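Below are my notes on the model, as numbered points. Please read them with the structure open.

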Amino acid sequence: MRLSATLPDKLANSLAVITAILTTLLAEISSSQALEVQVEPKNPRLGDTLSVVVKLDRGETSNLPTVKLKNQTYKTFTIGSDRYRVLLPTTPLDKPGNWSMEVKNEGEVKKLTVKVANRTFPLQRINLPPGKAGASATPKERAAVKAFKELVTPEQFWNGAFIKPNRGRISSVFGVRRYYNGKFAQDYYHRGVDYAGGLGSPVVAPAAGKVVLVGKEAQGFRVHGNVVGVDHGQGVVSIFMHLNSIKVKEGDFVKPGEIIGTIGSTGAATGPHLHWGLYVQGQSIDPASWRDRGWE
Ligand SMILES: [Zn+2]
């Protein structure tokens with residue numbers, strides 16, 4: 001036989017329910033104020049880098065806020081006492097439109113939509129004789145370059161706008177799409193900018209960073225040729241390909257303007273030029289906005 005609850009029990013239960021409701025309400029109020037998110041640029045186009053800055057009302061957190069975009073979750077980095085940031089890539093292979101983003105911190109969630117506009121990239125038609133597919137990377141080369149591009153280190157080495165890595169004119173812009181023998185190459189886009197500086201002309205670091213990749217054609221870097229990779233930190237890395245000479249070694253810290261090598265035509269290059277690729281979280285993005293304004 002079940003005994004009915006005494007009056008004090010009923011009162012205690014009611015109080016517990018009221019307390020629970022109030023706690024939930026307060027949590028909702030504070031969560032709607034606690035996460036402040038700012039995405040830049042205001043009107044991004046394919047190839048742009050997105051800067052996502054998260055500001056927390058209550059100051060520091062032991063858990064870094066995370067940002068989910070295109071089904072991938074990224075950690076932010078501390079950039080101030082109550083500010084956190086992550087830089088994210090958009091590429092010519094992405095679909096333009098409204099992208100949903102989810103910012104999370106300690107159970108608080110903020111959902112927002114980022115409108116990424118389309119952009120037309122130049123087209124190139126390449127005709128290759130049958131059986132001439134060009135050089136392909138050796139397994140060692142492919143693995144070393146892949147690991148380099150995916151580096152995400154917490155320190156920020158760069159500061160502000162990047163400078164040109166070479167004085168030569170730009171012979172190929174970022175994002176060029178190709179047709180091979182009349183067939184559109186779905187996965188191809190020019191993952192960098194080419195500078196047509198003369199053979200032996202200096203290649204300088206566009207921003208500060210740590211040299212983390214040095215590869216030589218003689219050691220199997222068949223496509224990249226003599227190559228240098230610089231880690232600018234927080235998922236931002238630069239690759240310099242087809243060099244004639246290399247003036248740095250792995251572990252060196254370089255300052256903006258410091259010579260890292262000279263222009264050459266090593267690897268899969270038809271003539272002397274520098275290919276500079278700038279990667280964010282493993283994806284090649286347009287370096288133009290980094291040269292014009294950069295990120296603090
Ligand atoms: Zn190139």
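1. Strand E14 (residues 202-204) pairs with E19 in the antiparallel sense, over three bridges. Helices (H or I, at least four residues) and strands (E, at least two) are DSSP runs, numbered from the N terminus, and two strands pair if DSSP finds at least two bridges between them. Proline 202 stands opposite threonine 262 in E19.

2. This is a predicted model, in which local features need pLDDT of at least 70 and side-chain atom pairs count only at pLDDT 80 or more, while totals for chains, interfaces and linings use all residues. Residues are numbered from 1 along each chain as its sequence is written.

3. E19 also pairs with strand E17 (residues 236-246), in the antiparallel sense and over two bridges. Here glycine 261 in E19 is the bridge partner of isoleucine 246. Strand E19 itself (residues 259-263) is mostly covered, with four of its five residues buried. A residue is buried if 20 or more other C-beta atoms lie within 10 Å of its own, exposed if 12 or fewer, and partly exposed in between; C-beta atoms are placed from the backbone.

4. Three strands form an open sheet in the order E9-E11-E12, with mixed pairing. Strand E9 (123-126) and strand E12 (183-184) stand at the edges with a single partner strand each, so one side of each has no neighbour in the sheet. Strand E11 (residues 177-180) pairs with E12 in the antiparallel sense over two bridges; tyrosine 179 has phenylalanine 184 in E12 as its bridge partner.

5. Which face of helix H2 do its buried residues line? In H2 (residues 139-149), the buried residues are Glu141, Ala144, Val145 and Lys149. Seen down the axis of H2, they fall within an arc of 125°, so they line one face of the helix; the arc is that of the directions from the helix axis to the C-beta atoms. The face turned away from that buried side carries the exposed residues Pro139, Ala143, Lys146 and Ala147. The cover over the buried residues of H2 includes strand E15 (209-215), E17 and strand E20 (274-280).

6. Threonine 76 lies in the loop between strand E4 (72-75) and strand E5 (77-78). Threonine 76 counts as buried because it has 20 C-beta neighbours inside 10 Å. Leaving aside neighbours within four places in sequence, threonine 76 is in contact (C-beta atoms, placed from the backbone, within 7 Å) with residues including Val54, Leu64, Tyr84 and Val86. Proline 65 is eleven residues from threonine 76 along the chain, and their C-alpha atoms are separated by 5.8 Å.

Technical notes. Contact = placed C-beta atoms within 7 Å.
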